[in-house]
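Please look through the sequence and the structure before reading the points below.

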Amino acid sequence: MEILRDPKACYGCRACELICSFHHRGEFSPGGGAIKVRKDNRTGEISWRRGSICDFCEGERQLLCVKYCTYKALRVLREDS
Amino acid sequence: MTVRRIKGGLAGKILRVDLSTGKTWAEETERYAREFIGGRAINSLILLNELDPKTKWSDPENLLIFGVGALVGTLTPGACRVSVETKNVFNNGKGSANVGGHFGPELKYAGFDHVVISGKSDTPVYLWIHKDNAELREAKSIWGKTTFETEEILEREHTPRRIRVASIGPAGENLVRGSGVICDRAKVAGGSGVGCVMGDKKLKAVVVCGESGSIKVAEPDEFFTAVEIALKKVRESPLSEMMKKSTLAGRWTDPDSPNWDFLISTRNGQDDFWEIEKRVKIANSGTGFPKYRKSTSACFMCPIGCMPFFEIDEGRYKGTKGEGFWSNTIMDAVRLDITDPEGMIKAWILANELGLDADFVTNVASWAFECFERGLFSEKDTGGLKLEWGNIDAFIELLRKLAYRQGIGDFLAQGVKEASQELGKGSEQFAIHMKGQDSIEPYRIPKGWALGVATSPVAGRHLRGTSIGGERFGPKRASFLAHTYADQPKYVVWQSLTKEMEDMLGICVYVGTWSGAYALEPSDYVALANSVMGINLTEDDFFTVARRSYNLEKAFNTLHTNFDRKDDYPPRRFMEEQVKSGPYAGHRCEKENWDKMLDEFYELQGWDEATSLQTRTSLMKLGMEDVARKLEEAGRLINKQISEKRR
């Protein structure tokens, strides 16, 4: 399974980063999740990284980062798809 | 309404900083939040309780307070805002500004809901906040630098940590009155001269790193339900769709948009109409400012995303890049009769870089342009600048002169009220300000907008109660016409109270009630606040807290200035001179009708109609005995019953 981000659709709001931290820590702590979103204020470019602690939202009904992305910038790529 | 304990949402502490002694310490947020929830309301309470009315904005005793909204740091849609309060540098009354971006949540993750700064430093410093700690550091390497350079230098110095910076530019350092505090390069706490106060305190920046900090939610299940309802409303909001397509300023791409009728004032208010071809030139989606938009981004947790990034790769402004073009940018351009989209993009980015409030510079520039037109300024006075309507080069050069207080910039840096008094020769007639603060607002056509601007506790700015139509501003299903007087006070009061709520919680107006997104409204605020904080407010309770917050601001102005009813009228020009052209030619603010609006507005607020001052009855009803006592001691409390409605 892979989570893909469309850089053109991403607005850098960090909802994915925040909900990811809630999944891992039960509280909102951007430093505590797998996802890191950064924006370069000089160029407007937004980078997105998913770290190794990502467990693909084990125990949840769906991937939370995908669910809470209001810009529809994230999607799941499954191996069987 | 009783709040016993707050179980979530807050970082928990208020940071106190005394720049005169270099000391920092902390206190609990909760005792303030039980009564006033968070953000601006708590800032206002501290300001009212701790400042002697004799204090001037430039005294060391003046406070500069950053207050992050109570829901910021959670997944609440649009929750990112920080309120900044201080004494207003234009009038020594309530100073207030508000800013989004990513600074607010970072401050909470670093451990603090508010930062209360007193005193003055002898030498330039910046405040470094990290992991529940704070220290003052010398700012030699960044003093004198632009806000962009400041952010870059601080990022280098703090590598590898990710930091967020709120800084002032040369304008704030040089005590230009209309200076802002800039976050993330393009988000500006612009009003009231908050950047000027920061410069006066020799505080160059507040730098925060939240790293491993966190914010708890008291009732997660209820919270996520409330978030989903709110997000559904955002998705279904027509504004949200439009914002995604073309950003907020996109409304202006249509030359027939009602914005062009209601929200502009031309050539320093000589008229309130702008020709179609000029509208097209600056805002056409193919050739105007949208042409240069390379991308768009969102503030923290914002589901709408209104911040365009521009890049100009041709022509005179080649190489210009950065964020920021708003409805205000259009309003500013019209005010100066500028039709050059590239130039206005350049000017806005430059204003952010220099730490200037773009509305302030527009207002002083348009007054100066009119002085030039009337022969009150010559090229000798302006240092060779031809301050002619539409001259973008002169405007851009004027920005630099203002920020560094060079030549005419030094004269204009005080704002139009005092500049016109100094110049005389009739220039006071067209010096546009409310309660001394420069104002770019339209007054003559949209009557509710004008009433909101004129009565705002923060003089002359449009986020505190303005309304232009029930379908856009005001409670749902409200029905009124923007250019009429009827019912406007009702909606102005409603809007001003919902804005109090938004600023307590830190929710941006663009997902709230103000811009007409109708994504979130008071019922959502209550559901979100209750679940995050573990409290049990009703919607009525929250309106009561909002009223208290508004009354704190009103009381501050009453105690710290001589403001009363006489100060709630539009600038002279808009009462005496009519709109000259366009569909609303002939409109002005008529005294008799304005008086009726004021009567109704004060009555709805529970204030005295004759003076606008607060009454004992209404303050006691709100449980604000302390405030009533302060006003009584100052001889500024009205003891009589609120008069019966006149109509």
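1. In what order do the strands of the open sheet of 6 strands in chain B lie? The order is β8-β7-β12-β9-β10-β11, and the pairing is mixed. At the edges are β8 (133-138) and β11 (187-189) of chain B, each of which pairs on one side only. Neighbouring strands in this sheet are turned against each other by 20 degrees on average, with direction ignored.

2. The model is a predicted one. For the complex, the predictor gives an ipTM of 0.98 and a pTM of 0.97. Chain B has a mean pLDDT of 94, and 96% of its residues reach 70 or more.

3. Strand β7 (residues 125-130) of chain B is antiparallel to β8(B), with 6 bridges between them. In this pair, Leu127(B) stands opposite Leu136(B) of β8(B).

4. Strand β4 (residues 82-87) of chain B pairs with two strands, taken here in turn. With strand β3 (residues 64-68) of chain B, β4(B) forms 4 bridges in the antiparallel sense. With strand β5 (residues 94-99) of chain B, β4(B) forms 6 bridges, again running antiparallel. Val82(B) in β4(B) stands opposite Val68(B), and Val82(B) also stands opposite Val99(B) in β5(B). In general, strands of a sheet pair through backbone hydrogen bonds.

5. Is β4(B) mostly covered or mostly open? β4(B) is mostly covered, with 6 of its 6 residues buried. The hairpin of β4(B) and β5(B) has 6 residues between the strands, and in this hairpin Asn92(B) takes a positive phi near 65 degrees.

6. Which residues have the most contacts inside the largest nonpolar core? They are Phe66(B), Leu75(B), Ile129(B), Trp367(B) and Phe395(B), in a core of 235 residues. Helix α13 (residues 358-373) of chain B supplies the largest share of this core, 10 residues.

7. Leu75(B), one of the residues named for this core, touches residues of both chains. Leaving aside residues up to four places away in sequence, its contacts in chain A are Ala15(A), Leu18(A), Ile19(A), Phe28(A) and Tyr68(A). In chain B, Leu75(B) touches Phe223(B), Phe224(B), Val227(B) and Met301(B).

How values were computed
Residues are numbered from 1 along each chain as its sequence is written. Chains are lettered from A and ligands numbered from 1 in the order in which they are written. This is a predicted model: local features need pLDDT of at least 70, side-chain atom pairs count only at pLDDT 80 or more; totals for chains, interfaces and linings use all residues. Side-chain values use heavy atoms; hydrogens and water are left out. Buried means under 20% relative accessible area, exposed over 50%, partly exposed in between (1.4 Å probe, protein chains only). Two strands pair if DSSP finds at least two bridges between them. Axes are lines fitted to C-alpha atoms, for helices over the stretch in contact, and angles run from 0 to 180 degrees between N-to-C directions. pLDDT is the predictor's confidence in each residue, from 0 to 100. A nonpolar core is a set of buried Ala, Val, Leu, Ile, Met, Phe, Trp, Tyr and Cys residues joined through side-chain atoms within 4.5 Å. Contact means heavy atoms within 4.5 Å.
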